[in-house]
Amino acid sequence: MRVALGVSGGVAAYKAAELVRRLQQEGIDVQVVMTKSAQEFVTPLTFAALTGQKVITDMFGDESAGANVESAIEHIAVAQRIDLLVVAPATANTIAKMARGIADDFLTTLYLATTAPVVVAPAMNVNMWEHAATQENINALRGRGVHVVSPEEGYLACGMTGAGRLAGVEAIAKAVCGRLGIEHDLENETVIVTAGPTCEDLDPVRYLTNRSSGKMGYGLAEAAARRGARVVLISGPTRLDPPQGVEFVSVRSTEQMQAALVEHLARATAIIMAAAVADYRPIAPETKKMKRGDGRVTLELESTPDILAGIARNKGERIVVGFAAETDHVAEHARAKLESKQADVIVANDVTAEGAGFDHETNVITLYSRDGGEKAFPRMPKIDAAHRILDRILELRRAGRELSATQRAR
Ligand code: PMT
């Protein structure tokens, strides 16, 4: 999702920095556009540092470089690129220009040029807010479908008390997410996600592992956090940065992954085991580096504990989702794992299929559920596959609630 954040000139301009961070937590890419007077309150550098992008400050780009065609049509490019325009804080002057269709700077021109939804969060002195002209302008914008996040009452920077203080960052972010269709339907869930490979040491320099990159598990953690869940991500070694807003637990071996799960289990309402956990480990890892010799070497391996099966046995009300990475007889093996591991859902991926399984950006999944449900999805980015898995968890949760309500009613 791409959002343009228009910052106009008021004391509350500094709060726009907090809004940038909050929107980024939702995975939204933020392009900041500042009016000239906004730059009197906060420097563009602040927003550039937060977004990692150039801040748009005027119609014709860098004045010293002179006007050029690229900068002259930038408002059209931005207008077409964005999924939403939010103006916060919106001054009485900017609101008036938007209401009357005056396009004398980048922000007001962008407002006219975009067909994306618009959210406006006014902030000003109480008399300016209550003035008939401002109220008329606000109503004109509302009449055009602009979502207005009303200012709050309270002590204002001008020393007066009344309505005019910029609405809280949470309220503005909620309005933006609502218009973008970002739902917080997992607010009541605490989800543990396992990701990446586990490593089993042979000696101090060598180990057994697998090709898991962690992308599937990290996608699940990110998607669940965006949908409002509290997320604990337990991960074996990967090259990925943990998604924002998740509690991150780094582990290496199967034993450590199991211990981390046991530690966090009590507060979990759902567990998703996307990690590619080693099935075997050396019985007696060497404490010193194994020396090269001419003959053959035989490694003695033992099975690792089946973490998923152990958790599912005592799952209570928790919804437990396991994965099945298969290379043949996918449906057969997935259904067998559903039974043997006592999971609520098994996500099967044929890791030999194109664009599926280990280290790909995409996956091809089929969900097998204990209620007999079976749903296959076409190839899609792992983040989208993650959302489909979370949708299934919500369906099972709702079905569980309905069942309990019927049983209570009897
Ligand atoms: O990380 P990526 O590169 O994005 O790749 C994603 C993936 C292919 C790793 C992922 O989609 C996947 O399939 N993960 C499970 C891989 C796996 O170990 O499958 P399995 O069929 O061997 O295990 C079945 C289930 O039991 C899994 O949920 C696994 O986490 C769990 N398990 C396995 C062994 C063990 N000792 N304990 C377990 O809990």
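Partly exposed means a relative accessible area between the buried limit, under 20%, and the exposed limit, over 50%. The exercises below use this cut-off on a predicted model.

**Exercise 1. Classify Asp328: where is it placed, and is it buried, partly exposed or exposed?**

Step 1. Find the place. Asp328 sits in the loop between S16 and H13.
Step 2. Read the accessibility. Asp328 has 36% relative accessibility, so it counts as partly exposed.
Step 3. Ala221 is 107 residues away from Asp328 along the chain, and their C-alpha atoms are 28 Å apart.

**Exercise 2. Classify Thr109: is it buried or exposed, and which residues does it touch?**

Step 1. Thr109 belongs to helix H6, residues 106-113.
Step 2. Its relative accessibility is 11%; Thr109 therefore counts as buried.
Step 3. Leave out residues up to four places away in sequence. Thr109 then touches Met59, His75, Ala103 and Asp104.

**Exercise 3. Work out the open sheet: what is its strand order, and which strands stand at the edges?**

Step 1. Write the order. The sheet has five strands, S2-S1-S3-S4-S5, and the pairing is parallel.
Step 2. Find the edges. Strand S2 (29-34) and strand S5 (147-148) each have a single partner strand, so one side of each lacks a neighbour in the sheet.
Step 3. Look at one pair. Strand S3 (residues 84-90) and strand S4 (residues 118-122) run parallel and are joined by four bridges. Ala90 has Pro122 as its bridge partner in S4.

**Exercise 4. Describe the hairpin of S6 and S7: how many residues lie between the strands?**

Step 1. Strand S6 (residues 152-155) and strand S7 (residues 161-165) run antiparallel, with four bridges between them.
Step 2. Pick a bridge. Glu152 is partnered by Arg165 in S7.
Step 3. Examine the turn. Five residues lie between the strands, and Gly159 in the turn has a positive phi of about 100 degrees.

**Exercise 5. Characterise the largest pocket: what is its volume, and which residues are closest to its centre?**

Step 1. Locate the centre. Of 32 lining residues, Ala275, Ala276, Val277, Phe323 and Ala325 are the closest to it.
Step 2. List the elements. Helix H10 (215-226), helix H12 (307-313), strand S16 (319-326) and helix H13 (330-341) give two or more residues to the lining.
Step 3. Sort by class. The lining has 15 nonpolar, ten polar and seven charged residues.

Conventions
Residues numbered from 1 in each chain as written. Predicted model: local features only at pLDDT ≥ 70, side-chain atom pairs only at ≥ 80, totals over all residues. Heavy atoms only, no water. Buried < 20%, exposed > 50% of the residue type's maximum accessible area, 1.4 Å probe, protein only. Contact = heavy atoms within 4.5 Å. Pairing = 2+ DSSP bridges. 1 Å grid on protein atoms, 1.4 Å probe; cavity = no way out; pocket = protein on both sides within 12 Å on 5 of 7 lines; lining within 4 Å. Nonpolar A, V, L, I, M, F, W, Y, C, P; charged D, E, K, R; others polar.
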